[in-house]
Amino acid sequence: MSARIIDGKALAAGIREDVAQRAKALRAQGITAGLAVVLVGDDPASHVYVRNKAQACEKAGLYSREIRLAADTPQATLLDVIEGLNADPAIHGILVQLPLPAPLDANQVIAAIAADKDVDGFHISNVGLLMTGQPRFIPCTPYGVMKMLESEKVVLRGAEAVVVGASNIVGKPMAMLLLAQGATVTLCNSKTRDLAAQTRRADVLVVATGRPNMIRSDMIKPGAIVIDVGINRLPDGRLTGDVAFDESCAVAGAITPVPGGVGPMTIAMLLVNTIEAAERSLS
Ligand code: GUN
């Protein structure tokens with residue numbers, strides 16, 4: 001068996017095109033959707049992500065503002081910057097790139113973002129709305145994964161879904177979204193005993209651990225849909241996911257590549273959330 005490769009790049013391009021149309025319609029009403037991305041410190045991977053986000057915005061006809069702050073920025077200064085963005089009518093979405101350098105307190109920073117501009121969906125009021133089935137902003141990476149499953153016409157109702165990695169950014173919201181679609185969800189973490197016994201039950205396996213090639217082909221149920229959220233840079237500079245791709249293609253029914261899988265979808269869904277925030281500002 002050779003797995004279908006789920007083309008995140010192509011799917012994301014279609015979504016971005018749709019956002020561009022909505023942005024055009026908004027401009028006709030005098031509104032340019034605006035996203036502010038705040039980057040603190042000089043983590044090279046974060047710089048790449050932030051640049052990609054800004055470029056995607058501009059291509060879709062959104063206004064993007066990058067705010068770069070030194071790694072030693074005091075918490076109070078960062079909170080002031082966010083207050084300014086909360087009050088700025090040109091900005092509909094605010095994203096603070098994580099992780100923040102120590103000793104900055106990410107929870108306090110996220111709590112300071114206006115919930116109706118929180119396009120990451122990380123503010124506790126947005127987390128609560130998602131958990132109770134009334135989503136306002138769905139976190140971009142799990143949102144993108146759901147779009148991929150939808151495009152593959154994966155039946156989630158009654159399916160066994162296993163999520164590996166329980167972060168606030170990916171694993172926890174991912175589990176909620178799968179649950180909301182009727183999947184039976186197992187959320188694994190770094191303490192899970194016999195991880196392979198869990199992953200082998202999965203009809204849908206979502207992996208977000210940040211550990212290169214930790215899921216091997218013998219941990220995958222034949223025919224499973226495998227979604228690899230990991231983006232890891234190897235010592236030789238190449239990017240690789242959390243799933244051993246080549247060998248897993250022989251077992252999975254469908255699989256996402258890295259790069260070109262979930263990554264482009266995350267950015268596309270950030271644009272969707274931003275355009276939605278701007279559209280809501282009209283009403
Ligand atoms: N760092 C890694 N992924 C994300 C994300 O989706 N949003 C933010 N703000 N930071 C991240």
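This report covers the fold, domains, core and selected residues of one predicted protein model.

## Model and confidence

The model is predicted: local features need pLDDT of at least 70, side-chain atom pairs count only at pLDDT 80 or more, and totals for chains, interfaces and linings use all residues. Residues are numbered from 1 along each chain as its sequence is written.

The protein chain averages a pLDDT of 97. This score is the predictor's confidence in each residue, from 0 to 100. A score of at least 70 is reached by 100% of the residues. For the complex, the predictor gives an ipTM of 0.95 and a pTM of 0.98.

## Overall fold

The protein chain holds 10 helices and 11 strands. Both are DSSP runs, numbered from the N terminus: helices are H or I with at least four residues, strands are E with at least two. The radius of gyration is 19 Å, close to the 19 Å that the globule rule gives for 283 residues, so the chain is as compact as a globular protein of that length. That radius is taken over C-alpha atoms, and the rule is 2.2 Å times the number of residues to the power 0.38. Along its principal axes, the C-alpha trace spans about 50 × 40 × 40 Å.

Buried residues make up 45% of the 283 residues. A residue is buried if 20 or more other C-beta atoms lie within 10 Å of its own, exposed if 12 or fewer, and partly exposed in between; C-beta atoms are placed from the backbone. Of the contacts with a separation of 6 or more, 69% join residues 24 or more positions apart. Two residues are in contact if their C-beta atoms, placed from the backbone, lie within 7 Å.

## Domains

The domain assignment gives domain 1 (30-116) and domain 2 (139-263). Such bounds come from an automatic or database domain assignment. The domain centres, taken over C-alpha atoms, are separated by 28 Å.

An unreviewed UniProt entry lists residues 6-120 as "domain: Tetrahydrofolate dehydrogenase/cyclohydrolase catalytic". UniProt positions follow the numbering used here, feature names are shortened, and annotations may be inferred rather than shown by experiment. The span 6-120 is 49% helix and 16% strand, with its end C-alpha atoms 24 Å apart. Residues 139-281 are listed as "domain: Tetrahydrofolate dehydrogenase/cyclohydrolase NAD(P)-binding" (unreviewed entry) in UniProt. The span 139-281 is 35% helix and 17% strand, and its end C-alpha atoms lie 20 Å apart.

## Nonpolar core

The largest nonpolar core has 92 residues. Such a core is a set of buried Ala, Val, Leu, Ile, Met, Phe, Trp, Tyr and Cys residues joined through C-beta atoms within 7 Å. Val163, Val204, Leu205, Val206 and Leu271 touch the most other members. Helix α10 (residues 262-280) gives the most to this core, with 11 residues. Domain 1 and domain 2 each supply at least three residues.

Leu205 has contacts beyond four places in sequence with Val162, Thr199, Ile220, Ala224, Val226 and Ile227.

## Two buried residues

Leu26 sits in helix α1 (residues 8-28). Leu26 is buried, because 20 other C-beta atoms lie within 10 Å. Beyond four places in sequence, Leu26 contacts Ile31, Ala33, Ala278 and Glu279. The C-alpha atoms of Leu26 and Met131 are 30 Å apart.

Ile169 lies in the loop between β5 (160-164) and α7 (171-180). Ile169 is also buried, with 20 other C-beta atoms within 10 Å. Leaving aside residues up to four places away in sequence, Ile169 touches Leu98, Pro139 and Thr141.
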